[in-house]
Amino acid sequence: MSDLYHVSSSPHVRDKDTTSRIMLYVIIALLPASIFGIVNFGLHALVLILVTIASCVASEWIFEKIVHKKSTLNDLSAVVTGLLLALNLPPTLPWWEAVIGGVFAIVIVKMLFGGLGQNFMNPALGARCFLLIAFAADMTKFTFDGVTGATPLAQLRNGEEVNVMDMLIGRTAGTIGETSVICILIGAIFLILMGVIDLRIPGTYIITFVIFLLLFGGHGFDWNYIVAELCGGGLMLGAFFMATDYVTSPITPKGQIIFGICLGVLTGLFRVFGANAEGVSFAIILSNVLVPIIEKFTVPKAFGQVKEAKKNE
Amino acid sequence: MTFKGGVHPYEGKDLSKDKPTRELLPKGELVYPVSQHIGAPAKPIVAVGDTVLKGQMIAEAGGFVSSPVFSSVSGTVKAIEPRRVSVGDMVNSIIIENDGEYKEVTYSPADNVDSLSKEEIIERIKNAGVVGMGGAGFPTHVKLSPKEPEKIEYVIANCAECEPYLTSDYRRMMEDPEKLVEGMRIVLKLFDNAKGVFGVENNKPDCIEKLKELVKDEPRMEVAELMTKYPQGGERQLIYAVTGRAINSKMLPADAGCVVDNVETIISIYNAVKLGKPVTERIFTVTGDAVSDPCNFRFSIGTSFQELLDAAGGFKEQPEKIIAGGPMMGFALFDLNIPTTKTTSALLCLTKDEVAEFEPSPCINCGRCVEACPELLIPSRLAKFSNNGLSDMFEKWNGMECVECGSCSFICPAKRQLAQSIKTMKKTILAERKKK
């Protein structure tokens with residue numbers, strides 16, 4: 001037996017998709033929104049995107065060096081976190097605050113809990129909420145066309161008219177990546193076609209939110225109002241790119257539906273009854289925390305189990 | 001017609017599917033493990049030095065759930081000793097030196113199959129050593145003796161052959177479809193209220209056409225075209241695809257009014273009942289990108305893998321991995337000097353070991369294993385429970401329902417060994433249960 005062959009447990013073949021390829025798809029899907037953000041808000045948006053990604057990648061690398069873990073930069077998840085965080089920042093934020101956000105996202109929210117796959121909260125949103133508290137003024141200052149003004153949702157809340165067409169295209173004030181609904185949807189469709197995400201979470205999220213608005217929004221069947229609420233406040237970016245984050249959403253199919261409903265109700269509560277016009281980020285990270293409980297109650301029935309229950313009756 | 005879940009691995013069947021079956025006569029010694037089936041090992045009834053004929057019983061059934069073993073050549077018993085088999089265990093085996101003359105015993109064919117009683121049919125199947133030849137090796141006479149045979153509504157011929165690369169069932173259907181239909185007719189004689197269904201994946205349109213032509217005047221038989229998807233030929237998945245009935249691990253196909261037999265098994269039933277011939281040969285595929293001339297053989301059970309490979313021209317490239325069976329559920333071999341049995345259907349030689357190529361990385365909870373699992377389980381969690389030794393959680397999340405098809409490991413983008421972890425915990429729990 002001079003040459004022994006490899007032995008392992010079956011199966012002996014593997015699909016071509018890898019973790020890093022999935023992350024790459026997400027990065028590609030975020031490009032339309034990123035590019036639009038840079039065109040819309042100018043060079044400082046590009047600086048923020050690059051600085052945030054660099055900060056995330058560097059913190060992951062340094063952290064793993066310090067704790068003597070194998071580098072996981074190749075999985076590209078740090079790049080995704082950095083890009084998502086940047087797209088959730090106002091275009092005028094000082095760059096060093098973005099750097100702090102990146103460090104917080106990777107070190108505090110992700111690595112301290114065990115790295116990729118172990119964090120219970122979306123790192124980008126965790127960092128955004130941290131920045132909102134730490135640098136409240138900078139994080140809520142939105143400038144568009146050189147004029148500091150309110151976001152469309154804030155205008156809507158104050159009873160002002162908003163232009164829904166501008167919101168679809170993205171010619172409004174907001175964070176770097178949240179304004180253009182069309183660009184976000186192009187990316188989302190790409191992810192759905194590549195089989196990276198499905199509509200279970202974003203679909204139930206959006207439907208629940210619309211129902212909530214119809215019931216409690218106080219505007220009745222005012223479609224202008226509903227579409228504006230859907231397009232504003234990063235709801236689309238949140239629904240398709242952050243609520244669908246694998247690690248922090250339920251793995252059980254039924255759990256994903258419940259998760260989507262939680263998101264819709266919480267966003268509705270925050271926006272209609274809360275003091276803030278936005279609320280997507282908080283709805284997502286709060287729902288992230290609910291995931292273990294949701295999963296516990298939604299363990300699916302195995303194939304053929306229903307039938308057995310009937311038989312025992 | 002299909003089931004929920006499943007995966008689409010590279011098929012690889014083109015390598016060998018159009019190569020007509022060749023007969024391969026073995027040389028040298030043949031090895032017959034006494035455990036080629038599920039159940040009690042067979043008991044050797046020959047001694048070292050005895051002369052045996054082809055078709056002679058050399059080990060008798062060791063109980064009801066057991067099956068006899070027959071010599072596939074004529075020659076002399078050289079030794080009775082433990083030998084390594086494809087799953088890796090050492091199994092007591094009868095070793096016969098082939099005299100190259102292939103002198104056969106006289107078989108007792110049935111003059112008229114229709115005049116046989118049900119008991120006689122089952123007796124003939126039992127005495128011919130017929131077992132599930134798709135891989136499981138469950139003694140067929142046991143399967144064909146359910147408590148209430150009148151409640152069986154479907155006899156399903158498993159013609160799916162969903163394992164990539166394998167083409168032995170395909171060749172059988174192309175070359176001997178009449179025998180397959182005849183075998184089905186024999187099985188249907190046992191179940192008065194059943195209809196026979198040939199479940200074929202739609203990547204074999206020629207087989208579907210052929211079988212449809214043959215059963216068009218058979219009121220009790222039909223052909224079901226199944227979607228090509230792995231594991232379409234899994235027993236529970238096949239039953240669901242054909243009948244819409246779902247069974248779980250605690251049930252038998254008979255509980256859903258079904259009996260499922262593989263193509264090769266039905267051919268063996270035909271040989272046993274009609275010709276009185278025991279199981280001594282089968283069709284076998286030698287394939288893979290490392291093999292010079294991928295092809296199909298009709299060969300004598302007991303031949304070593306090495307001999308089959310040599311007959312296919314040996315390697316054209318050095319393989320990294322050698323598998324007895326298909327790539328999804330087959331067993332990796334570290335050595336080719338291992339005997340074939342009633343249940344080995346292929347030798348697959350791959351130049352690249354995709355498993356060793358990737359390092360497993362952390363689970364990102366993507367849920368692809370959930371989408372792929374034909375048993376609707378959450379494989380990533382089950383594997384985690386297994387790795388952490390949480391057997392109660394494993395059972396709570398229905399881990400025991402796993403059919404070990406391997407779809408989860410195949411699809412996992414983090415390249416985690418999900419199926420391996422789950423199989424390990426299943427074995428542990430079953431062992432614990434036995435202790436109680």
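Start with helix α12 of chain A, residues 235-242: eight of its eight residues are buried, so to speak a mostly covered helix. Step through A:Leu235, A:Met236, A:Leu237, A:Gly238, A:Ala239, A:Phe240, A:Phe241 and A:Met242; these are the buried residues of α12(A). Keep in mind that this is a predicted model.

Now colour chain A by pLDDT. The chain mean is 90, and 96% of the residues reach 70 or more. Then select residues 307-313 of chain A, where the pLDDT is below 50. Beyond near neighbours in sequence, this stretch has four contacts in the model.

**The cores**

Which residues touch the most other members of the largest nonpolar core? Select A:Ala86 and B:Ile156; the core holds 188 residues. Next, show helix α1 of chain A, residues 19-41. This helix gives the core its largest share, nine residues. Return to A:Ala86 and display its contacts. Leaving aside neighbours within four places in sequence, they are A:Leu48, A:Ile49, A:Thr52, A:Ile53, A:Ala98 and A:Ile176. Another core, of 29 residues, lies apart from the largest one. Its members include B:Leu15, B:Ala332, B:Leu347 and B:Leu350.

**The six-stranded sheet of chain B**

Select the strands of chain B in the order β1-β14-β13-β17-β15-β16; they form an open sheet with mixed pairing. At the edges stand β1 (22-24) and β16 of chain B, each with a single partner strand, so one side of each has no neighbour in the sheet. Direction ignored, neighbouring strands are turned by 30 degrees against each other on average.

Zoom in on β13 (281-287) and β17 (346-350) of chain B. They pair in the parallel sense over three bridges. Pick B:Thr287: its bridge partner in β17(B) is B:Leu348.

**The three-stranded sheet of chain B**

Move to β3-β5-β6 of chain B, an open antiparallel sheet. Its edge strands are β3 (43-44) and β6 (69-70), each pairing on one side only. Strand β5 (57-60) meets β6(B) over two bridges. Select B:Ala59 to find its partner in β6(B), B:Val69.

**Where the chains meet**

Finally, show both chains: 56 residues of chain B are in contact with 35 of chain A. On the chain B side, β15 (321-324), β16 (331-333), α9 (354-357), α11 (379-387), α13 (407-411) and α14 (418-435) each supply at least two residues. Colour that side by residue class: 33 are nonpolar, eleven polar and twelve charged.

Definitions and conventions
Residues numbered from 1 in each chain as written. Chains lettered and ligands numbered in written order. Predicted model: local features only at pLDDT ≥ 70, side-chain atom pairs only at ≥ 80, totals over all residues. Contact = placed C-beta atoms within 7 Å. Helix = DSSP H or I, 4+ residues; strand = E, 2+ residues; numbered from the N terminus. Nonpolar A, V, L, I, M, F, W, Y, C, P; charged D, E, K, R; others polar. pLDDT = per-residue confidence, 0-100. Pairing = 2+ DSSP bridges. Core = buried A, V, L, I, M, F, W, Y, C linked by C-beta atoms within 7 Å. Buried ≥ 20, exposed ≤ 12 C-beta atoms within 10 Å, placed from the backbone. Axes fitted to C-alpha atoms, helices over the stretch in contact; angles between N-to-C directions.
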